[in-house]
Amino acid sequence: MPLPIVPPPFRDERLSSWLERIADVYLVSLDELQAHVGWSRFALQLEREPVQADFECIAAATNNSVERLSAMTFQDAPSRYRRLLRSGSRESCPFCSRGLPRPQRLKGWSFAFTFWCDRHNQPLFGSEMRGVGTLGDEASARRGSEILHHWATGRDRSVVPVRSVLSLLLLPLRRASPPAPWELARLPLKRQHDPTIRSRPRRRPVLIVVVPEFTHAVPIYDQRLPSNIANLSDAPWAERYALAIGVARVLKNPVDAIVRILEASDEFGRQKVMTLINQWPQSVHNAVDYAGPRSRKRGTAAKRGDVSRVGRERARTLC
Ligand SMILES: [Zn+2]
């Protein structure tokens, strides 16, 4: 039997968001609405793995078509895009949701590198926003977000593959080591001397060279950057935002980025970086060699400061 009142879905609204808003009309939880209507799979799962019988059940209860419900899921999204979805994301746009008792959640906002509402051009807000005030460079973040969206939907035309740039940013810059005293300065004094915090080795990813402001936004003891791309969708807002900035900066000038990374890395990190960028276009290798051969071999350039500025400027013209 159809439900008497069903609010219409918003453009691009997720199925789970709409069902939650229907449940609100009847002052019940989503689980209680599910039990009443009779579909079997959880709404978040239905968005990824649709079940025809469940769709028919919901369609009958809401006077909708199965096709319309299907369009509210991610079933037709490219596989790479699906892997970068944040199913449980609660980000919303205060302008889109003005006057609503529960903000709607749109499909596009679930992508790991979406940070703005495309309708109002305003930042999305969620419950996990640490580091928001410190990470700036909105222009690079927007550019990186666009590049990552193109890549996830199979429209990557970058000279250096975006996947490889992401992998580069997640690589260790140096062997993990305990934090230096200045890296703990923002902790209360008592915690600074906590042996479990002082002695625990911390990863230092390449990202902190390309986006040094990330370390100011999120102290090293609080960083939750994944070590590989597969877990990117689980990363907090600041980590994903910093990665978007990093992707834009590396692709804007790959040679300059690589030279700076090699200067800052130890032998452990340098080997990993070199193994990765060996798959990059030859023109980038040549320009890196030209710009900083010493840093590529032994990292001595950073100590002597002899990667010439002229070399860097000329290298920019080569790629
Ligand atoms: Zn909006």
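A residue counts as buried here if 20 or more other C-beta atoms lie within 10 Å of its own, as exposed with 12 or fewer, and as partly exposed in between, with C-beta atoms placed from the backbone. Helices (H or I, at least four residues) and strands (E, at least two) are DSSP runs, numbered from the N terminus.

Some ground rules. What you see is a predicted model, where local features need pLDDT of at least 70, side-chain atom pairs count only at pLDDT 80 or more, and totals for chains, interfaces and linings use all residues. Numbering starts from 1 along each chain as its sequence is written.

**The whole protein**

There are 19 helices and four strands in the protein. Its C-alpha trace spans about 80 × 50 × 30 Å along the principal axes, and 35% of its 319 residues count as buried. Take the contacts (C-beta atoms, placed from the backbone, within 7 Å): of those with a separation of 6 or more, 69% come from residues 24 or more positions apart.

**Helix 1**

Helix 1 covers residues 15-25 and is mostly covered itself, with eight of its eleven residues buried. Those are Leu15, Ser16, Ser17, Trp18, Leu19, Arg21, Ile22 and Ala23. What do the buried residues of helix 1 pack against? Their partners are helix 2 (30-37), helix 3 (43-48) and helix 5 (66-70). After helix 1 comes Leu27, with a positive phi near 55 degrees.

**Helix 7 meets helix 13**

Helix 7 (residues 138-152) packs on helix 13 (residues 237-252) at about 85 degrees, the axes being 7 Å apart. Axes are lines fitted to C-alpha atoms, for helices over the stretch in contact, and angles run from 0 to 180 degrees between N-to-C directions. So helix 7 is roughly perpendicular to helix 13, a label for 65 to 115 degrees (under 35 is roughly parallel, over 145 roughly antiparallel, the rest oblique).

| Helix | Residues making the contact |
|---|---|
| Helix 7 | Ser140, Ala141, Arg143, Gly144, Ser145, Ile147, Leu148 |
| Helix 13 | Tyr241, Ala244, Ile245, Val247, Ala248, Arg249, Leu251 |

By type, the contact has nine nonpolar residues, three polar and two charged. Nonpolar means Ala, Val, Leu, Ile, Met, Phe, Trp, Tyr, Cys and Pro; charged means Asp, Glu, Lys and Arg; the others, Gly among them, are polar.

**Gly131**

Gly131 sits in the loop between strand 2 (122-123) and helix 7. Why does Gly131 count as buried? Because Gly131 has 21 C-beta neighbours inside 10 Å. Leaving out residues up to four places away in sequence, Gly131 touches Ala217, Val218 and Ala238. Gly131 and Phe214, 83 residues apart in sequence, lie 8.1 Å apart in space, C-alpha to C-alpha.

Definitions and conventions:
Two residues are in contact if their C-beta atoms, placed from the backbone, lie within 7 Å.
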